[in-house]
Amino acid sequence: MRGRDAKALQTARLRVIEETSGYWRVLFEHPPFNIVDGAMFEDLQDLLARMDASPSLRVVVFESAYPEFYLAHFDLTGNLGNTLTAVGPSGLPILMDTFVRLTKSPVVSIARIRGCVRGVSSEFVLACDMRFASRENTSLGQPEVGVGLHPGGGGAERLPPLVGRGRALEIILGADDFDGETAERYGYVNRSLPDAELDAFVDALARRIASFDRRAIGAAKSLVNQVSLPHADRLLDALTSFGNALTWPEAQQRTQAVLERGLQRDAAFEKGWPALLDRLLET
């Protein structure tokens, strides 16, 4: 906890630290790897409700309690709850509802990235308004194609406007990790900074934004959203296609193979598994 007067609230997988009434930090805290499961989305839905009910709030910074894993990836063992089927307040399925509401909220969202951020976790940070990464300690990517799937939470829709078509295809079809420096050069993140400087930079930016009027912040963000966000119908089509892809035999074969090799169990494998995807089915 950084602010002397900061208040903290712990949920099952999130720790919310109210640095000031206008600036909160949210720590992902789901050991050991911050796997994204149905319960994580429940906590994010509760957080969005708290944000909506906090008229003085202006900025939320999302970070991890574990420096090696920001958010790892979707839970591939099937603990997804109703994230693909139940409908949230926006009228979209819970997964997409969470990301769309975060993007459209008048509250500014900033991802402070250290560690592994892959698949749906990459899509989470893409839904945030800004992304700042550790230059030395970031592994960011969309590895779904390497396990027989495709991005379904907005990665294919949000990446091309940020990085361009060719680089978006490189990220998605290559299914490999990108370090902080390359992610910055491509436009995947706003900036990568030396790890020792990351906290101070993001904290200063968040506090600066939090000092401004909420009405002006919300209006400015809304104007940018109007010219930069993918349409909800495109996002919904991608999520529906992803749900279908989960039933493909080749996707199930590759998913089972990556789990058998140690995904979600072995820390060393969890840190570097995308590098092995082109050899996943070798005997």
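Guide: A residue counts as buried when its relative accessible area is under 20%, as exposed when that value is over 50%, and as partly exposed in between. The model shown here is predicted. In this model Arg25, with a relative accessible area of 4%, is therefore buried.

Visitor: Is Glu63 buried or exposed?

Guide: Glu63 has 6% relative accessibility, so Glu63 counts as buried.

Visitor: How should I read a pairing of charged side chains, and which residue does Arg25 meet in a salt bridge?

Guide: Side chains of opposite charge can pair when their charged atoms come close. Here the side chain of Arg25 meets that of Glu63 in a salt bridge, at 3.0 Å from N to O. Because Arg25 belongs to strand S3 and Glu63 to strand S4, this pair ties together parts that are 38 residues apart in sequence.

Visitor: Which residue does Arg112 meet in a salt bridge?

Guide: The side chain of Arg112 meets that of Glu63, at 2.8 Å from N to O. This pair links distant parts of the chain, with Arg112 in strand S6 (residues 108-118) and Glu63 in strand S4, 49 residues apart. Both Arg112 and Glu63 are buried.

Visitor: Where does Glu68 lie, and where does Lys271 lie?

Guide: Glu68 forms a salt bridge with Lys271, and their closest N and O atoms are 3.1 Å apart. Glu68 is in the loop between S4 and S5 and Lys271 is in helix H11, so the pair ties together parts that are 203 residues apart in sequence. Glu68 is partly exposed, at a relative accessible area of 33%, and Lys271 counts as partly exposed at 39%.

Visitor: Which residues do salt bridges with shared partners join into one network?

Guide: The network includes Glu19, Arg25, Glu63, Arg112 and Arg114, together with Asp195, Asp199, Asp203 and Arg207. The whole structure holds 17 salt bridges.

Visitor: How is a pair of aromatic rings read, and how many such pairs does the structure hold?

Guide: A pair of aromatic rings is described by the distance of the centres and the angle of the planes. This structure holds eleven aromatic pairs. For Phe28 and Phe124, the ring centres are 5.5 Å apart and the planes stand at 85°, so the pair is edge-to-face. The pair links distant parts of the chain, Phe28 being in strand S3 and Phe124 in helix H3, 96 residues apart. Both Phe28 and Phe124 are buried. One aromatic cluster is formed by Phe28, Phe41, Phe62, Tyr70, Phe74, Phe99, Phe124 and Phe242.

Visitor: How is a helix read, and what are the buried residues of H1?

Guide: An α-helix has 3.6 residues a turn, so residues three or four places apart point the same way. In H1 the buried residues are Gly38, Met40, Phe41, Asp43, Leu44, Gln45, Leu47, Leu48 and Met51. These buried residues pack against several elements, among them strand S2 (14-20), strand S3 (23-28) and helix H3 (120-127). As for length, the 15 residues of H1 (residues 38-52) should span 21 Å at 1.5 Å a residue, and the end C-alpha atoms are 21 Å apart, which agrees.

Visitor: Is Glu270 buried or exposed?

Guide: Glu270 is found in helix H11 (residues 267-272). Its relative accessible area is 0%, so Glu270 is buried. Leaving aside residues up to four places away in sequence, Glu270 touches several residues, including Phe33, His73, Arg118 and Phe69. Glu270 and Phe69 are 201 residues apart along the chain, while their C-alpha atoms are separated by 9.2 Å.

Note on methods:
Residues numbered from 1 in each chain as written. Predicted model: local features only at pLDDT ≥ 70, side-chain atom pairs only at ≥ 80, totals over all residues. Heavy atoms only, no water. Helix = DSSP H or I, 4+ residues; strand = E, 2+ residues; numbered from the N terminus. Expected span 1.5 Å × (residues − 1). Buried < 20%, exposed > 50% of the residue type's maximum accessible area, 1.4 Å probe, protein only. Contact = heavy atoms within 4.5 Å. Phe/Tyr/Trp six-rings, centres within 6.5 Å; stacked < 30°, edge-to-face > 60°. Salt bridge = Lys/Arg side-chain N within 4 Å of Asp/Glu carboxyl O.
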